[in-house]
Amino acid sequence: METVQQLRDRLAARFPAARVELVLNPGVAAEHSLRLDAALGRDIALFLRDDPALRLDYCSNVTGVDWPDKEITDVVKTTVPDPAGGPPKIVEEKSVHVQPGCLEAVYHLYSMSLKHGPVVIRLRTGNRADAVTLPSLTPVWRSCDFQEREIFDLFGIVFAGHPDLRRLLMWDEFKDHPMRKDYVEPDDYEWEPTAHGAVLERAKAHQLAAVAGVVDPGQSSANPPKAAPGSTTPATTAPVKEAKP
Amino acid sequence: MSDAPQSTPASPRPAPAEGFPAAGNISDADREELRRHGILLTSLEELYNWGRSNSIWPLQFGLACCAIEMIAAATARFDIARFGAEIFRPSPRQADLMIVSGTVTKKMAPLVVRLWNQMPEPKYCIAMGACAISGGPFKQGYNVLKGIDRLIPVDIYIPGCPPRPEALLNGLIQLQKQIKGEKLTGPDAARHTRADLPSEYPIPAYGAHDLEPAKNPAVWTPPAPPSA
């Protein structure tokens, strides 16, 4: 099979409008991947499946990656000559800019007929908030169905063209995406007998909140992330039936 | 036993009349002596509990790998039938015992509570394995209930990950002991004889971030935090 670099060049020649980036893996396995243009993702996927030299007819695994917003500090060093004739001073100017985050779907492709693989392709969303749509590759590889549903559930990527895009693991009423880096799980740390590390921190915070009266330890304490305090959903308790003779 | 409190809200246990001790009031040695002479002394309570404790029908459902051990306990090598609990019922209406065998996910928890509500009294619950007790290795997961005792009352806890079939059998024997010691009347009467205790429990709803309510304060309240 051709190398990923050769494949990248062939894709660039075949789809001149698409941006195809090579993502190098510096590890020993050197499993390099290709980041494809999301807009042309499905066309490229069809090409990968049907090209006689590739015949990547089997998608073994689809997974998601969350890239949160990243603060990057730029340091610009400028040399200022000393007016008194001394050695020039080096002034560092620091500026912080935020590299916007995004979500990524990673597909691992193999060829059953030609017995080669994997070819790893990645599709990237515009951001993590509103532009989270990627083309679904389920029409290309049937095995992507549940995997894309799982990514939709846990990361919140919307796969356009998926035949049945529903949550797979969590219930339909669930609003969060638990595999995102900024997910905050509900504050149910009332009883942590052997807590340590991060769990101990959460348990201490819970106890402090319980003492301060913010969270009643006997009450349901759904703590939605990024919600205003006080907008927590009240515990809806179904009436207890005492249906005993 | 004879010095039971006389003023009780429920029907009080009548004090045994002089000269006619109730069956529970004579010593085991005396009863054994009578039995040797062909006289069997018992009480209705004892007979009733003896019958129930030796015919506990579990509900046939499993949640995770603990269920495999539960199945192994039902096979010939361990043979749960020796304790009269081999008839796993596929219907909650016919079951006496719910063995919560495995990880209870938050998605599964309302269904477990519904099954529990559908079981007729008297009913018992065994939390089998670390997950059913506390969430186990998945305790800090976003989708795992931190113990089924937050939603329904649990009679026997069997630790282990998973517990071996012998541990399950030991838990069953402990449950039999508990049933044999149950009172039918009086202030310490068994749960199923008490009209003031619920036999059904609120089924939590699927909320936007968690189950609502995430726990039942009538069943479970967090222990007091260690005094810091």
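I will go through the aromatic pairs, then the charges over rings, then the cysteines.

First, the ground rules. This is a predicted model, where local features need pLDDT of at least 70, side-chain atom pairs count only at pLDDT 80 or more, and totals for chains, interfaces and linings use all residues. Residues are numbered from 1 along each chain as its sequence is written, chains are lettered from A and ligands numbered from 1 in the order in which they are written, and side-chain values use heavy atoms, with hydrogens and water left out.

Over all chains, a search of the whole structure gives five aromatic pairs. Rings of Phe, Tyr and Trp, the last by its six-membered ring, pair if their centres lie within 6.5 Å; planes under 30 degrees apart are stacked, over 60 edge-to-face, and the rest tilted. One of the pairs is W171(A) with F174(A): the centres are 5.2 Å apart and the planes at 80 degrees, so this is edge-to-face. W171(A) is buried at 2% relative accessibility, and F174(A) is also buried, at 2%. Buried here is under 20% relative accessible area, exposed over 50%, and partly exposed in between, with a 1.4 Å probe and protein chains only.

W171(A) also pairs with Y206(B), with centres 5.1 Å apart and planes at 20 degrees, so that pair is stacked. This contact crosses between chains, from the loop between β9 (158-160) and α4 (198-212) of chain A to strand β4 (residues 205-206) of chain B. Helices (H or I, at least four residues) and strands (E, at least two) are DSSP runs, numbered from the N terminus. Y206(B) is partly exposed, at 26%.

Next, charges over rings, meaning NZ of Lys or CZ of Arg within 6 Å of the ring centre and within 35 degrees of the ring normal. In chain A, the charged end of R149(A) sits over the ring of F146(A), 5.3 Å from its centre. In chain B, R150(B) lies over the face of W220(B), 4.0 Å from the ring centre.

Finally, how many disulfides are there over all chains? The search finds zero, a disulfide being two cysteine sulfur atoms within 2.5 Å. For C66(B), the nearest cysteine sulfur is that of C65(B), 5.3 Å away; C66(B) is buried, at 5%.
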